Amino acid sequence: MTADLTDRLAEAAGVPVLLAVAYDVFEHILRALRGTENQAGVLLPAVVLAAAAAGDGRDAAARAPWLPPLPEPPELAMSARGAEQVADEAAALSRALWERLAAADAPAGYEAACAGGAEAARRICSLLARPPL
């Protein structure tokens, strides 16, 4: 699913579509991180804080004045991936999202959604990236 989201993020044309993809990315990161909390060990504080940032980013994207229809997110299957792999994937995905949202030429009404999403993606990346930002 991460590769699909990375592709959708790269192909997103226009700020409303970008924010719709951002919503899906944040939802995916939130679910993946929440699904790994019980096995996170020493990563637990970073995982919990990054999950909270993903929720904040999802909410920021949802506050845009208009988004294309959002499909129901697919069920996230319980993964055999370890917490470190989930954290690495979330960090990479959030970095790509951060870069796209920060560079977006947001029209009036979309600035807050882009800025809030970019800040949330930056927080996720800084919490989970190795080495830290």
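I'll start with Thr 36, which is located in helix H2. Helices here are DSSP runs of H or I with at least four residues, strands are runs of E with at least two, and both are numbered from the N terminus. Before going on, the sources. This is a predicted model, in which local features need pLDDT of at least 70 and side-chain atom pairs count only at pLDDT 80 or more, while totals for chains, interfaces and linings use all residues. Residues are numbered from 1 along each chain as its sequence is written, and side-chain values use heavy atoms, with hydrogens and water left out.

Back to Thr 36. Its relative accessible area is 2%, so Thr 36 is buried; buried means under 20%, exposed over 50%, and partly exposed in between, with a 1.4 Å probe and protein chains only. What does Thr 36 touch, not counting residues up to four places away in sequence? The partners are Val 47, Gly 82, Ala 83 and Val 86, where contact means heavy atoms within 4.5 Å.

Next, the helix pair. Two packed helices are described by the angle between their axes and the distance between the axes. For H2 and H4 the angle is about 160° and the axes are 10 Å apart. The axes are lines fitted to C-alpha atoms, for helices over the stretch in contact, and angles run from 0 to 180 degrees between N-to-C directions. H2 is therefore roughly antiparallel to H4; the classes are under 35 degrees for roughly parallel, over 145 for roughly antiparallel, 65 to 115 for roughly perpendicular, and oblique for the rest. H2 and H4 cross in a left-handed sense, that is, the near helix is turned anticlockwise from the far one by less than a right angle, clockwise being right-handed.

The H2 side of this contact includes Phe 26, Ile 29 and Thr 36, and the H4 side includes Ala 83, Val 86 and Ser 94. By class, the contact of H2 with H4 has 14 nonpolar, three polar and one charged residues. Nonpolar covers Ala, Val, Leu, Ile, Met, Phe, Trp, Tyr, Cys and Pro; charged covers Asp, Glu, Lys and Arg; the others, Gly among them, are polar.

On the H4 side, take Ser 94, within residues 83–103. Ser 94 is buried, at a relative accessible area of 0%. Leaving aside neighbours within four places in sequence, Ser 94 is in contact with Ile 29, Ala 121, Ile 124 and Cys 125.

Now the charged pairs. A salt bridge is a side-chain nitrogen of Lys or Arg within 4 Å of a carboxyl oxygen of Asp or Glu. By that rule there are nine salt bridges.

Glu 27 is buried at 12%, whereas Arg 31 is partly exposed at 27%.

Glu 84 and Arg 130 form another salt bridge, at 3.8 Å from N to O. This pair links distant parts of the chain, 46 residues apart: Glu 84 is in helix H4 and Arg 130 in the segment after helix H5 (111–128). Glu 84 is partly exposed at 47%, and Arg 130 is exposed at 57%.

Last, Arg 122 and Glu 119, whose closest N and O atoms are 2.7 Å apart. Why are Arg 122 and Glu 119 separated by about one helical turn? Because they are three residues apart in helix H5.
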